[in-house]
Amino acid sequence: MNLALEESHLAFLTFDVEMDAPPYMSSWRGVDEGLPLILELLEEQRVKATFFTLGLVAERRPRALKAILDGGHEIGSHGFSHRRLDRIPFREAVGEIVRSLRILRDYGEVVSFRAPNLKLPPSLLGVLALEGVRVDSSLAWYKPPFTLKPVVEGGLLRIPVSYPSSVLRLPWRILRTLFKPGPSYVVLLHPWEVVGLKCGIRPDLTMGVGPRVLGNLGRLIGYLRGLGYRFTTFKELLGS
C-alpha cells in the first residue's frame, strides 16, 4: 500500500462525469452546464480533483475532457457507457473497460478507475491491472462489502468512497457534522447534481440538486482545509 495513505488528513475530490442521472435520463446538462461551474470553483479554490469519465463523454463531449485536463486535473475511467458491470456478461464488461481506456488515453495517462454504481465484480480486478490501471475507487463503506479503509486487492490499490454524493444536498449545518478529523476522505459528486434537474421516473435521484450542492462543495473545501486536510488526486498519490 502507498505509504502516503498512512498520512492522515488526505482529501480526494472525485467526480463521475456521465449523462444526467443514468439510466433514467439521457440528457447532458450536467456535462454542459454543471461541469464548467465545478471547474471554475476548483480553480478559485486551487484544488485538483479526479474526474472519472465515461468513454462516451469523450466521444460526444470532447471539449469537456479538454477543459478538465486544461485545469490540471486527473482523468480516470468510469467505463464506456455506464452499463452496470455486474449485470452484463464478463466479455462485455471487459469490452466496456478496454474501450473506455482506449479512448480516454488518447487525451492523456489514465491510471484510476471507478465502476458505474460502484459495482465492480472481483473478476475484473485482474483485467484492470493488466490494462495498466493502478487505483480503483469502486468501493464504499455504505455499499457491500462495506469497506472502510484502503486495501490492496488484485494488484490494485482500492480506495473507498467516504459518503454518497447525496450528502452534499443536505443543509450545511448538517453536512459539516459528518466530516470530522479522522481518516482521509474521498468525496464523490456528479456534475448533474449541481444543476436543477427533475426526474419523473425517480424523483429521489434529483431531490435537492442545484446551486446549493455547488455551494456546499465550496464550503466543504474550506472546512476540510481548516481541519488540516491536504487535497490530492489518485495519480498524485501514486507519485508521492
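Predicted model: local features only at pLDDT ≥ 70, side-chain atom pairs only at ≥ 80, totals over all residues.
Tutor: Residues are numbered from 1 along each chain as its sequence is written, and side-chain values use heavy atoms, with hydrogens and water left out.

Student: Why is the contact of Arg61 and Asp32 called a salt bridge?

Tutor: A salt bridge is a side-chain nitrogen of Lys or Arg within 4 Å of a carboxyl oxygen of Asp or Glu. For Arg61 and Asp32, the N to O distance is 2.8 Å, so the pair qualifies.

Student: What makes this pair a tie between parts 29 residues apart in sequence?

Tutor: Arg61 lies in the loop between helix H2 (55-60) and helix H3 (62-70), and Asp32 in helix H1 (residues 29-45). Helices are DSSP runs (H or I, at least four residues), numbered from the N terminus.

Student: Why is Arg61 called partly exposed?

Tutor: Buried means under 20% relative accessible area, exposed over 50%, and partly exposed in between (1.4 Å probe, protein chains only). Arg61 has 26%, so Arg61 is partly exposed. Asp32, with 41%, is partly exposed too.

Student: How do you know that Arg99 forms a salt bridge with Glu59?

Tutor: Their closest N and O atoms are 3.7 Å apart, so the pair meets the cut-off. Arg99 is in helix H4 (residues 90-104) and Glu59 in helix H2, 40 residues apart.

Student: How many salt bridges does the structure hold?

Tutor: The structure holds 12. Asp136, Glu153 and Arg158 are linked in a network of them.

Key:
Helix = DSSP H or I, 4+ residues; strand = E, 2+ residues; numbered from the N terminus.
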